[in-house]
Amino acid sequence: MAKIIGGLTTSHIPAIGNAIARNKQDDPYWKGFFAGYPPVQKWLDKHKPDVAVVIYNDHGLNFFLDKMPTFAIGAAHEYHNADEGWGLPTMAPYTGDAALSWHIIERMVEDEFDITSCQEILVDHGFTVPMQLFWPDRGPHMPRVIPVSANTVQHPIPTIKRCLDFGKSLGRAIESWPEDIKVVVLGTGGLSHQLDGERAGHINKKFDLMCMDKIVTDPEALTKISRHELIREAGSQGSEFIMWMMMRGALSAKVKKIHQNYSIPISNTGAGTMILENVD
Amino acid sequence: MEDNQNRLDHHADIEGTTLFDGKMAMKGYALNKMCFSFNGGAAREEYRADPEAYFNKFNLNDEQKAACRNKNVLEMIAAGGNVYYLAKFAGIYGLNMQDIGAQQTGLTLEEFRAKLQRAGE
């Protein structure tokens with residue numbers, strides 16, 4: 001049977017992709033941030049997951065306001081990146097696992113989560129930046145991928161409780177897959193940041209650190225946070241924390257924190273990186 | 001009618017923050033649709049060649065056109081713009097998220113960066 005080995009978190013801001021493209025990893029501004037990734041790469045090299053389920057939010061590359069799915073799951077053999085409007089170089093395609101995607105969709109809909117299935121979905125920086133950070137060389141052990149996109153663009157966004165429950169259902173669906181494969185689940189985005197309005201530049205270190213603590217020890221406690229409270233504390237785009245909650249739900253009730261890094265500010269953002277290992 | 005308008009308002013009172021809800025999504029639909037089109041390089045070229053014609057192509061209203069002409073992000077948000085789509089508009093003018101952060105807060109880029117740095121301490 002498929003086994004979830006653990007979850008990883010990371011911010012996915014486009015500035016990180018730019019820093020990678022310009023080899024700025026050792027630049028004083030970036031050094032502390034990039035220092036958070038070799039332990040993750042080492043962990044991945046040790047466990048060699050076959051599949052990565054990558055939970056992110058589309059930022060207006062694939063989805064527009066004409067149709068905005070709350071939860072969408074990729075069900076393609078291959079996923080393409082594309083120009084997001086800035087004319088940056090695009091990434092080579094990522095190999096999917098369509099059979100597992102459809103199994104997850106079948107099981108989750110049976111479990112009463114109404115999923116938008118996507119046989120074509122362009123993946124933006126929310127997806128590609130984490131892949132670049134965790135698998136910089138795209139070597140022979142590069143996992144197959146399943147993108148999962150949550151709506152953080154337009155309110156109403158899903159509640160934090162719903163996101164944790166989504167993750168639980170996702171986890172059950174993955175672990176009911178009969179193949180003996182190892183799966184890692186990525187929760188990307190966040191942490192606190194606000195790009196728009198007079199409050200642009202709002203970041204909240206205390207709140208971020210509280211979230212990084214509670215997501216390990218007591219994720220249920222975080223479901224008490226309302227969406228408006230999340231935005232008040234973490235900023236408009238701090239709502240991306242819901243993807244971390246989706247990841248957390250897919251893990252075992254108890255997890256072991258293997259690694260944590262936090263850099264603030266990275267661009268306009270509090271950037272958090274974690275490895276959470278499943279405990280049997 | 002008044003009641004219906006109120007029912008549409010899922011506003012949250014968060015200082016300096018406009019919640020992009022259904023009401024704003026309807027208000028800003030044309031503006032955001034134009035910005036969404038800028039994912040394509042050909043669309044960006046078409047816009048650069050004649051911004052006014054491009055505004056009309058997407059049926060922007062006067063408020064939206066004026067905000068775009070002024071390249072004023074707060075005005076674009078007031079006109080229904082969503083920052084994820086506006087980022088593509090900003091890109092045409094070579095403005096990144098820190099540039100627009102500075103613009104919206106009335107700070108210089110250096111002052112805005114210093115503000116972020118302080119918040120992280």
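In the predicted model, the lining of the second largest cavity is formed by B:Lys71, B:Val73, B:Met76, B:Leu86, B:Phe89, B:Ala90, B:Tyr93, B:Leu95 and B:Ile100, where a cavity is a set of points, on a 1 Å grid over the protein atoms alone, at which a 1.4 Å probe fits but cannot get out, and lining residues have an atom within 4 Å of a point. Helices H7 (73–78) and H8 (83–92) of chain B each contribute at least two residues to this lining, and H8(B) gives the most, with 3 residues; helices are DSSP runs of H or I with at least four residues, strands runs of E with at least two, numbered from the N terminus. The lining comprises 8 nonpolar residues, no polar residue and 1 charged residue, with Ala, Val, Leu, Ile, Met, Phe, Trp, Tyr, Cys and Pro counted as nonpolar, Asp, Glu, Lys and Arg as charged, and the others, Gly among them, as polar.

The largest cavity is lined by 18 residues, of which A:Asp196, A:Ser236, A:Gln237, B:Thr18 and B:Phe20 lie nearest its centre; this lining divides into 8 nonpolar, 9 polar and 1 charged.

Chain A contains 10 helices and 10 strands. Of its 280 residues, 63% are buried (under 20% relative accessible area, 1.4 Å probe, protein chains only). The C-alpha trace of chain A spans about 50 × 40 × 40 Å along its principal axes.

Residues are numbered from 1 along each chain as its sequence is written, and chains are lettered from A in the order in which they are written. In this predicted model, local features need pLDDT of at least 70 and side-chain atom pairs pLDDT 80 or more, whereas totals for chains, interfaces and linings use all residues; side-chain values use heavy atoms, without hydrogens and water.

Definitions and conventions:
On a 1 Å grid over the protein atoms alone, a cavity is a set of points where a 1.4 Å probe fits but cannot get out, and a pocket is an open set with protein on both sides within 12 Å along at least five of seven lines; lining residues have an atom within 4 Å of a point. Buried means under 20% relative accessible area, exposed over 50%, partly exposed in between (1.4 Å probe, protein chains only).
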